[in-house]
Amino acid sequence: MQNVVVVGASLAGFRAVEELRHQGYDGSITVIGAEAHLPYDRPPLSKQILAGTWESDRLPLTAIGKEIDDLAIDWRLGVAASGLDLSARHVELADGTFVPFDALVIATGAGVRTLPGQPELEGLHMLRTLDDCLALRADLDATPQRVVVVGAGFIGAEVAATARQRGLDVTLLEALATPLQRALGDAMGAVCGDLHREHGVDLRLSTGVDGFEDDGQGRLRGIRLTDGSTVEADLAVVGVGVTPNTAWLEGSGLTIDNGVVCDATCLAAPGVVAAGDIARWPNNRFGEVMRVEHWENAQEQGAHAARRLLGHLEPYEPVPWFWSDQYDRKIQLAGRSSADDDVQIVDGSIEERRFVALYGRAGRVVGVLGMNRPRPVMEYRQLIADGASWQDALAR
Amino acid sequence: MRVVVDFDLCESNALCMQAAPEVFEVRDDDFLYVLQENPPEELRSKVEEAVRRCPKQAISIED
């Protein structure tokens, strides 16, 4: 292996590069990125950057003990990959050029989902990239009369919190009866919804979007809702999830099924690995084929995939973890909670918005949710990693 | 090796504690405490893991 190509100048792609160098690989590395930017950190896009407390010079990813130039990367930025030929061993780029490889890291992540029939209007935003964020921030700076956030998932919730903290009127729409219902269940999802109401957000549940209204000059004016009413809005953000960026892999021969399907070691084909939001692999620890859209997974799986290319055969078996900052609360979730699990508060109380909830299924502890309780979340995460029983976790 | 934490950035996510519990502890008050500012060399790989895992890039190593 003398020529590694990484598609995706992302967190997962960057950590893969860093790990290759850390492990002593000294061949060539080319990183292809659709965005013009060097790899940067995305979590602040819905928080500090959007709030205006940070500027984008805080975002570039850094390597431990090294300058980025020390990684000796051949950057191909601002041009997306458009195809993959596994037998010819090259990636095709949107500008018509080809990049040959003998090993490939697929880390093109995921892109925002749009609503059916969603138009392009001034004032109507999505949030995934730095450029998205800066465009949204500029509109927030213009002090809109009302901000509508469509989708009360974690990104929508963070955008709503940030806009509210900027003193704006915020309406948060959620199609389900409870925010985050599938991930957290009814009770805990309701707690997360209450957090927004306490901060003055107009949270409307079981409310979908029927269509967008413009002012006749291409600018957003309002949103028609499925209950027949219309909410006036001069700024809206649609945050209804992401889908893996696999279009460029159509016809490549890789198995694509809600992501790039890999084996338990992150290998998708001989000499081809995938990592981050785009990778779907069997996590033996949970006996489940999963695709994880979290920050920590992007970097851990990026590094794991790099080691796989170097011949390490360990399966990738993380306990997924992520955090979400909303107002002055830090929400953390580890494991694989779902709506049908048993849920028990084991620390603190919901009333003080400082607690730990455990999720149990089939006699095992499978998830832990914390609000402003980082230490016990990590301790319970270890119990999940150890395969602890539900009873032992409750008795702790 | 000297461990430096930018406490203006630190948000007590406690991932560092999981990576290197000998060096980092998030206590019940939700604050991070650095247990050893000059940890021995044999802890370097664990501390580097903590640096890498920190979602805020708040930890650095000064040699």
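Predicted model: local features only at pLDDT ≥ 70, side-chain atom pairs only at ≥ 80, totals over all residues.
Residues are numbered from 1 along each chain as its sequence is written, and chains are lettered from A in the order in which they are written.

**Exercise 1. Confidence**

Task: State the scores of the model and the average pLDDT of chain B.

Solution: 
- Step 1. The model has an ipTM of 0.90 and a pTM of 0.96.
- Step 2. Chain B averages a pLDDT of 94, and 100% of its residues score at least 70.

**Exercise 2. Chain A as a whole**

Task: Describe the elements, domains and dimensions of chain A.

Solution: 
- Step 1. Count the elements. Chain A holds 8 helices and 27 strands. Helices (H or I, at least four residues) and strands (E, at least two) are DSSP runs, numbered from the N terminus.
- Step 2. Domain 1 covers 3-111 + 242-309, domain 2 covers 115-238, and domain 3 covers 328-395. These bounds come from an automatic or database domain assignment.
- Step 3. The C-alpha centres of domain 1 of chain A and domain 3 of chain A are 31 Å apart.
- Step 4. Take the extent. The C-alpha trace of chain A spans about 60 × 60 × 40 Å along its principal axes.
- Step 5. For 396 residues a compact globule would have a value near 21 Å; chain A has 22 Å, which agrees.
- Step 6. Check the contacts. Two residues are in contact if their C-beta atoms, placed from the backbone, lie within 7 Å. Among contacts in chain A between residues at least 6 apart in sequence, 62% join residues at least 24 apart.

**Exercise 3. Chain B as a whole**

Task: In what order do the elements of chain B run from the N terminus on?

Solution: 
- Step 1. Chain B has 2 helices and 4 strands.
- Step 2. Their order is β-α-β-β-α-β.
- Step 3. The C-alpha trace of chain B spans about 30 × 20 × 15 Å along its principal axes.
- Step 4. A compact globule of 63 residues would have a radius of gyration near 11 Å; chain B has 10 Å, which agrees.

**Exercise 4. The interface**

Task: Which element gives the most to the side of chain B that touches chain A?

Solution: 
- Step 1. 17 residues of chain B are in contact with 14 residues of chain A.
- Step 2. On the side of chain B that touches chain A, α1 (15-19) and α2 (44-53) of chain B each supply at least two residues.
- Step 3. α2(B) gives the most, with 4 residues.
- Step 4. That side of chain B divides into 6 nonpolar, 4 polar and 7 charged residues. Here Ala, Val, Leu, Ile, Met, Phe, Trp, Tyr, Cys and Pro count as nonpolar, Asp, Glu, Lys and Arg as charged, and the others, Gly among them, as polar.

**Exercise 5. The cores**

Task: How many residues has the largest nonpolar core?

Solution: 
- Step 1. A residue is buried if 20 or more other C-beta atoms lie within 10 Å of its own, exposed if 12 or fewer, and partly exposed in between; C-beta atoms are placed from the backbone. A nonpolar core is a set of buried Ala, Val, Leu, Ile, Met, Phe, Trp, Tyr and Cys residues joined through C-beta atoms within 7 Å.
- Step 2. The largest core has 81 residues; among those with the most contacts inside it are A:Val149, A:Ala236, B:Cys16 and B:Ala50.
- Step 3. Helix α4 (residues 154-165) of chain A gives the most to this core, with 7 residues.
- Step 4. A second, separate core has 43 residues, including A:Trp248 and A:Cys266.

Terms used
Rg over C-alpha atoms; globule rule 2.2 N^0.38 Å. pLDDT = per-residue confidence, 0-100.
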